Amino acid sequence: MNPKALPYYLLAPATLFLVVFFLYPFVLVAWEAFSRDGAVTLDNFREMTGHWKFPDTLRNTMLLAVIVVPLQLALALSMASIVSNLDRGRSAILYIFAIPLGISDLAAGLIWLAIFEQSGFLNTMLVGLGVTDQPVMFLGFQSKLSIFIAVVLAEVWRATAIMMVILVAGMGLIPKEYGEAAEVFGAGRWKRFTKVTLPLLRPSLQTAIILRVILAFEVFAVVAALGGTNLPVLMGETYHWQFALQDRNVAAAFAMLILAISIAFTLFFLYALRVPKEARI
Amino acid sequence: MTAVTSDAPATAYPEVRKARNWLLIAIVVVLCVWVLLPIYLLLVNALSSPNEVTGFPKRFWPSFDTGSLAFFVNFAGVAKALWNSVLVAVFTMIMSIGIGAPAGYALSRFDFPGKEAFRFLVLMTRAFPLPLLALPLAVMFIRTGLDDTAFGLAIVHTTLALPFAVLITFSLFSGIPVELEEAAWTLGCTRFQAFWKVVMPLALPGIAASAVFAFTISWNEVFAAAVLTIENRTLTAFLLQSLNVSPLYLKFAGGFALVVPALIFIFAVRKYLFAMWGIANR
C-alpha cells in the first residue's frame, strides 16, 4: 500500500460519516425551513414568528442564556481556582465537582423537581421553619418567575462542571513561573488572578464560553421536567411543532433560528476573546 | 531566601494563613454540598415508598422502601426502554471509537494535505446544535427503513460522540512516542503489527475511557431520542414523553435509573476527564 495514502484511508470513515450524517442533514433542514411543498418560501418563518407564543419563547431562551452563562462562568472560575489551590484531596474534590458532567439534562430536571414540587423538599423546609403555613406551588402555570428561577438553578447546577473542567485543564497549561514572578513584584492573590491567570486563560475561557452558550440555546429537558409547557423555550417549541403540530417545515425554521443564534454567538466570542498569534503559550 | 520568595507578605503570618485555610475548606464544603445535596434528595425519593414520595412533609432520609423502584421496573415499557438505551449506547460506543480512533491516529502520526480541513470539520461540529440533526434525519431514516430503530438513533448519537472520540484518541496517540513504533519496525514488524502489539496496549485504557464517555453521551441524550424513536423509545425518551401523565414516584425512580449509571461512568473515566478537555481546548 502506498504509505502516502494511509492517512486518507484512516480518515475516510470519519469524514464520510460526518459528511453524510452532519453536513448533508444540515442542508436538508435548511431546505425544509426555506421551502414548502417544493417551492421556496419564507412562510415557515412567518408562521413561526407569527405564533402567539413566539415572543415569549425567544425572550425566555435569551434571558436564560444571559443569566445562566455568566453565573456559571463565575462559579466555574471559583471552583477551578479553588481546586488549583488545594494541596490535599485535590482529585476527590475534582471528582465531586465534576459529577454533574455525567448527568443527563432530563435527570437534572427531575432532581430539581424533587426539591421544587409542591410536596417537595423546599416546601418541607419552609413549612418546617414556619416561613409559610401551606406548601407553596412553585411550578404551577401562574408562577412563571419561580419556574424560571428553578430552571436557572438546575442549569447552573448541571452545566457548570463542563466549564470548570475546561478551565482547570487550561489553568494547568499556564506556567507557574508567571504567577511567581508577579508575586515577587508584590502582586496579591486577586491581582495575580486578574492580571496573570485570566489573560493567559483566554483560550480556555473562549472554548468554555462558546460551548456553554451553544448548549444554553439548546436548553430543553430541564425546562420540560420543571415547567412543562409553562415556560416555552426554542428547543421545546421545535419539538412541539415537529410532534404535536406535525409541521416539519416550521420545526425546521426553529432549527435554523437556533443554528443562526449559535453561529452568531460563536463568531462573536471567537472575535471578542481572540488570542494574537504572538501571545500564545 | 527561598522561604521569603515562596511566601507572599500576607501569608507570612501564621494566623492569617490559618484563617485563609479554614475559609478555603469552608468554601469547598459548601460547594460539595451544592453538588451532592440535590442528588441525595433524588435518592431519598427513589428509595422511599410511593406514599411517602407523594406525601407531605418529606423526610430527609430514605426509608429504603423499594416500592417506587419496583413500580418503575414493572411499569409497562420501562424494561424495554432500559434495554433500548443500553443498545443505542453500545452501538454509539462501537461506531464512534471504530470510526474515530483511526482518524485520531492519522492526525497524530501523519502530516498530509487536508489535515487542517479535517480538523476544522471536527471542530465545526461543536459550534452546531447537534440534536437538531434528528429533524432532517427523521425523514431520511423513514426512506431507508432506519426510522424508530436503535441503530438509526445511534447514528445521531455518534455524530455527538465522534468529535470527542477523534480528539481524545488524537491526544492519546500523540502521547505515545513514535520511536516505540519505529523500533518495532526495525525489528521486523509491519506497520499494523507495530500498532497492534506496541501502541494498542499502551493506548487501551484511554480508549476504554473515551468509549465510556461515548456511552454516557448516548445514555443521557434526550432530544434526538425523543424525536427519532416511537415504539423503540429509550429511557430518556420514555421519561420525557410520560412527564405529563406519570406519578411523581415514577419520575423520581426514572431519574434514579438515569443518574446511577452516569455516576459510575464518570467515576470510571475521572482520570481522563481533564486530558479530554485539555485537548479540546485547541
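**A loop position and its surroundings**

Modeller: Gln246(A) is exposed, with 9 other C-beta atoms within 10 Å. The rule is that a residue is buried if 20 or more other C-beta atoms lie within 10 Å of its own, exposed if 12 or fewer, and partly exposed in between, with C-beta atoms placed from the backbone. Residues are numbered from 1 along each chain as its sequence is written, while chains are lettered from A and ligands numbered from 1 in the order in which they are written. This is a predicted model, in which local features need pLDDT of at least 70, side-chain atom pairs count only at pLDDT 80 or more, and totals for chains, interfaces and linings use all residues.

Gln246(A) sits in the loop between helix H12 (234-243) and helix H13 (248-272) of chain A. Helices (H or I, at least four residues) and strands (E, at least two) are DSSP runs, numbered from the N terminus. The phi angle of Gln246(A) is near 55 degrees, a positive value in a residue other than glycine. Most residues other than glycine have a negative phi. With 16 C-beta neighbours inside 10 Å, Asp148(B) counts as partly exposed.

H8(B) bends by about 40 degrees at Ala161(B), and a proline, Pro163(B), follows within four residues. The bend at a residue is the angle between axes fitted to the seven residues ending there and the seven starting there. H8(B) is mostly covered, since 23 of its 25 residues are buried.

The largest nonpolar core has 172 residues, and Leu226(A), Ala255(A) and Ala134(B) have the most contacts inside it. Such a core is a set of buried Ala, Val, Leu, Ile, Met, Phe, Trp, Tyr and Cys residues joined through C-beta atoms within 7 Å. With 16 residues, H8(B) gives the most to this core. Domain 1 (2-69) and domain 2 (76-280) of chain B both give residues to the core, so it lies between them; these domain bounds come from an automatic or database domain assignment. In soluble globular proteins, nonpolar side chains tend to be buried together.

Ala134(B) shows the packing at one point. Apart from neighbours within four places in sequence, Ala134(B) is in contact with Val156(B), Phe223(B), Ala224(B), Val227(B) and Leu228(B). Two residues are in contact if their C-beta atoms, placed from the backbone, lie within 7 Å.

The two domains of chain B have centres separated by 32 Å, taken over C-alpha atoms. Their contact takes 10 residues from domain 1 of chain B and 8 residues from domain 2 of chain B. On the side of domain 1 of chain B that touches domain 2, the largest share, 5 residues, comes from H2(B).

Lys58(B) lies in the loop between H3 and H4 of chain B. It counts as buried, with 23 C-beta neighbours inside 10 Å. Leaving aside neighbours within four places in sequence, Lys58(B) is in contact with Ser119(A), Gly120(A), Phe121(A) and Thr124(A).

Let us return to chain A. It contains 13 helices and 2 strands, and 43% of its 281 residues count as buried. One of its helices is H10(A) (residues 202-217), whose 16 residues should span 22 Å, in agreement with the 22 Å between its end C-alpha atoms. H10(A) is largely enclosed by the rest of the structure, because 13 of its 16 residues are buried. By contrast, Leu23(A), in helix H1 (residues 6-33) of chain A, counts as partly exposed with 14 C-beta neighbours inside 10 Å.

Finally, a word on confidence. pLDDT is the predictor's confidence in each residue, from 0 to 100. For chain A the mean pLDDT is 87, and 98% of the residues reach 70 or more. Confidence in chain A is lowest in strand E2 (residues 39-40), at a mean of 83, and highest in helix H3 (residues 54-85), at 92.

Definitions and conventions
The expected span of a helix is 1.5 Å times one less than its number of residues.
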